[in-house]
Amino acid sequence: MAISKAERLMNLALCLLGTRRPLSKRELRGSIEAYVETFGPGDGGPGSDDSFNRMFERDKDDLRELGLVIATVESVDGDVGYQARRDSNRLPPLSLDAEEGAALGLAAKVWQQARLAGAASGALQKLRAAGLPEEVDPYEGHGALEPRIPVHEAAFEPLMLACRDRRPVQFDYRKANAARPEPRQVEPWALECWRGHWYLAGWDRDRGAERVFRLSRITGRVRSRAGAYRVPVPDVVTVRETVASWAGESADRSARIRLRAGSGYPLRAKAENVRELGNGWDELEIPYGHGLDAWLVEFGPDVVVLEPAELRADVVDRLRAVAKG
């Protein structure tokens, strides 16, 4: 069975880290099983040597991209050798304060609700050894209020891996005002949690524009597609701003709604003005930005949109789509 690329890179890294002197290409070719299996120990002819040199250079570049510092050393005889010195590849001591530890603990809770629970537990053990404060327990609450980031959507893990590996994906997506899901081809950028819901920011190939998708509206299986990204991935800050904007975080005007008394506390927290109407209803003036209609639909019969008219129409359309199933 052919040796995998990951195993070949690992063996090359261990060889470069373990040697006390720089090793030449010929020595590395004869020492690493994957090279011997593919090209032989050496003197395999010009074609074999050229193929080995190309693979070795790619492997060396891959290791450097992963963070391994590989030194190129030329001897007095003009021979070139390679070595990864341990002092150049040793990480500095990890120091975490209570706030940083709490943030890592909260992140670990996300993985506890996904299939990466084992990896999250192992990472926390390593962080404990590296200085994670003992008083920070990510799995137990220490107060009346406990922060939570739920991860219930089946699409979360495959999309997280696709974002990490920069792989295009395809999935069926049902918009809030649509009766049926539609196929989407997306270059995923990042996942963001906003108001208890997970969103995917990415490039929609069919529409030729950046879009944000709510994971709970993805139906069926997320499928990977072959090929590379066509559009450069923006920086993290831009992606987060995109998610916030498409999810309704930014607002450039106001809307008036009626809200049933004793309900809709997230809306009340955002309200600029609140007026009691009597008969169990209040009138609120709230910021109006992209995505507000989707948020208001979640409160069902407890909310009535008064103005603007386009917001009222959007909410009614969404409610009708929900009623149709």
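In the predicted model, five strands form an open sheet in the order S6-S5-S4-S3-S7, with antiparallel pairing. Two strands are taken to pair if DSSP finds at least two bridges between them; strands (E, at least two residues) and helices (H or I, at least four) are DSSP runs numbered from the N terminus. The edges of the sheet are strand S6 (209-214) and strand S7 (218-224), each of which pairs on one side only. From one strand to the next the twist averages 45 degrees, where axes are lines fitted to C-alpha atoms, for helices over the stretch in contact, and angles run from 0 to 180 degrees between N-to-C directions. Residues are numbered from 1 along each chain as its sequence is written, and side-chain values use heavy atoms, with hydrogens and water left out. Because the model is predicted, local features need pLDDT of at least 70 and side-chain atom pairs count only at pLDDT 80 or more, whereas totals for chains, interfaces and linings use all residues.

Within this sheet, strand S4 (residues 182-194) and strand S5 (residues 197-204) run antiparallel and are joined by 8 bridges. Trp194 stands opposite His197 in S5. Helix H7 (residues 156-165) packs on the sheet and touches strand S3 (169-173), S4, S5 and S7, contact meaning heavy atoms within 4.5 Å. The direction of H7 makes about 90 degrees with that of S4. The buried residues in H7 include Phe156, Glu157, Leu159, Met160, Ala162 and Cys163; buried means under 20% relative accessible area, exposed over 50%, and partly exposed in between (1.4 Å probe, protein chains only).

Arg166 has a positive phi of about 55 degrees although it is not a glycine. The residue is partly exposed, with a relative accessible area of 39%.

Asp206 lies in the loop between S5 and S6 and is partly exposed, at a relative accessible area of 47%. Not counting residues up to four places away in sequence, Asp206 touches Pro183, Arg184 and Gln185. Asp206 and Arg184 are 22 residues apart in sequence, and their C-alpha atoms are 7.1 Å apart in space. The side chains of Asp206 and Gln185 make a polar contact (3.4 Å). A polar contact is a pair of N or O atoms within 3.5 Å; within protein, one must be able to donate a hydrogen and the other to accept it, and residues adjacent in sequence count only if both atoms are side-chain atoms.

A second open sheet has 4 strands in the order S9-S10-S8-S11, again with antiparallel pairing. Strand S9 (273-278) and strand S11 (303-307) are its edge strands, each pairing on one side only. The twist of this sheet averages 30 degrees from one strand to the next. S9 and S10 pair in the antiparallel sense over 5 bridges, and Glu276 stands opposite Asp282 in S10. Helix H11 (residues 309-324) packs on the sheet, touching strand S8 (253-260), S10 and S11, and its direction makes about 150 degrees with that of S11.

Glu283 is found in strand S10 (residues 281-288). The residue is buried, with a relative accessible area of 15%. Its side chain is joined to that of Arg256 by a polar contact of 2.9 Å. Apart from neighbours within four places in sequence, Glu283 is in contact with Arg256, Ile257, Asn273, Val274, Arg275, Leu277 and Leu306.

In the loop between S9 and S10, Asn279 has a positive phi near 60 degrees, in a residue other than glycine. Asn279 is exposed, with a relative accessible area of 79%. Pro308 is found in the loop between S11 and H11, and the peptide bond from Glu307 to Pro308 is cis, with omega near 5 degrees.

Helix H1 (residues 5-18) has 14 residues and reaches 20 Å from its first C-alpha to its last, close to the 20 Å expected at 1.5 Å a residue; the expected span is 1.5 Å times one less than the number of residues. The buried residues of H1 are Arg8, Leu9, Leu12, Ala13, Cys15 and Leu16. These residues lie on the same side of H1 because they cover an arc of only 165 degrees around the axis, the arc being that of the directions from the helix axis to the C-beta atoms. On the other side of H1, Ala6 and Leu14 are exposed.

Overall, the protein has 11 helices and 11 strands. Buried residues make up 37% of its 325 residues.
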